[in-house]
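Student: I would like to learn how to read a model like this one. Please take me through it feature by feature.

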Amino acid sequence: MTDIHPTPLERAARAMYDNVQPDWDWSDPDAEPMRKMYRDNVRVAFMAVMEPSMAMIAKGNARMESADCLAVWQTMVAAMVQES
């Protein structure tokens, strides 16, 4: 399984896999249930950070002019989580 343009979610799942270094190969066609598990774990983790800290909001708002940093952050994370 080679993805020329992997989504951020897919890259994060692969990074988790690389960090654990399991005995199975990521590209093995029979490993789809494991790849799905990693993608699901990443999706849950990103949902957990959907709400940024107040410090993150303050820094983001300071860098943006006439935009709502929280809304931008949540929209971007939501779009990433919905990608497969």
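Student: In helix 2, how many residues apart are D40 and R43, and what does that make in helical turns?

Tutor: D40 and R43 are three residues apart in helix 2, so about one helical turn separates them. Helices here are DSSP runs of H or I with at least four residues, and strands are E runs of at least two, numbered from the N terminus. Before we go on, note that this is a predicted model: local features need pLDDT of at least 70, side-chain atom pairs count only at pLDDT 80 or more, and totals for chains, interfaces and linings use all residues. Residues are numbered from 1 along each chain as its sequence is written, and side-chain values use heavy atoms, with hydrogens and water left out.

Student: Which interaction do D40 and R43 form?

Tutor: First the general idea. Side chains of opposite charge can pair when their charged atoms come close. The rule for a salt bridge is a side-chain nitrogen of Lys or Arg within 4 Å of a carboxyl oxygen of Asp or Glu. D40 and R43 form one, with the closest N and O atoms 3.2 Å apart. R43 has a relative accessible area of 23%, so it counts as partly exposed. The cut-offs are under 20% for buried, over 50% for exposed and partly exposed in between, with a 1.4 Å probe and protein chains only.

Student: What is the closest N to O distance between K36 and D40?

Tutor: It is 2.6 Å, and the pair forms a salt bridge. K36 and D40 sit four residues apart in helix 2, so about one helical turn lies between them. K36 is partly exposed at 45%. D40 is partly exposed at 28%.

Student: Where do D18 and R14 lie?

Tutor: Both are in helix 1, four residues apart, or about one turn of the helix. D18 is partly exposed, with 39% relative accessibility. R14 is partly exposed too, at 36%.

Student: How many salt bridges does the rule give?

Tutor: The count is six.

Student: Now packing. At what angle do helix 3 and helix 4 pack?

Tutor: Two packed helices are described by the angle between their axes and the distance between the axes. Helix 3 (residues 54-63) and helix 4 (residues 69-82) pack at about 105°, with axes 8 Å apart. Axes are lines fitted to C-alpha atoms, for helices over the stretch in contact, and angles run from 0 to 180 degrees between N-to-C directions. Helix 3 and helix 4 are therefore roughly perpendicular. The classes are under 35 degrees for roughly parallel, over 145 for roughly antiparallel, 65 to 115 for roughly perpendicular, and oblique for the rest.

Student: Which residues meet there?

Tutor: Helix 3 brings M56, I57, G60 and N61, and helix 4 brings C69, L70 and W73. Contact means heavy atoms within 4.5 Å. By class, this contact has five nonpolar, two polar and no charged residues. Ala, Val, Leu, Ile, Met, Phe, Trp, Tyr, Cys and Pro count as nonpolar, Asp, Glu, Lys and Arg as charged, and the others, Gly among them, as polar.

Student: What does N61 touch beyond four places in sequence?

Tutor: N61 touches A67, D68 and C69. N61 is partly exposed, at 33% relative accessibility.

Student: Is S66 buried or exposed?

Tutor: Exposed, at 82% relative accessibility. S66 is in the loop between helix 3 and helix 4.

Student: Which residues make up the largest nonpolar core?

Tutor: A nonpolar core is a set of buried Ala, Val, Leu, Ile, Met, Phe, Trp, Tyr and Cys residues joined through side-chain atoms within 4.5 Å. The largest has 12 residues: L9, A13, Y17, W24, W26, A31, Y38, V42, M50, V77, M80 and V81. Helix 1, helix 2 and helix 4 each give two or more residues to this core.

Student: Is M80 buried or exposed?

Tutor: Buried, at 11% relative accessibility. M80 lies in helix 4. Leaving aside neighbours within four places in sequence, M80 contacts P8, L9 and F46.

Student: Last, backbone angles. What is the phi of Q21?

Tutor: Most residues other than glycine have a negative phi, and most peptide bonds are trans. Q21 has a positive phi of about 55°, although it is not a glycine. Q21 is in the loop between helix 1 (8-20) and helix 2 (32-48). Q21 counts as exposed, at 63% relative accessibility.
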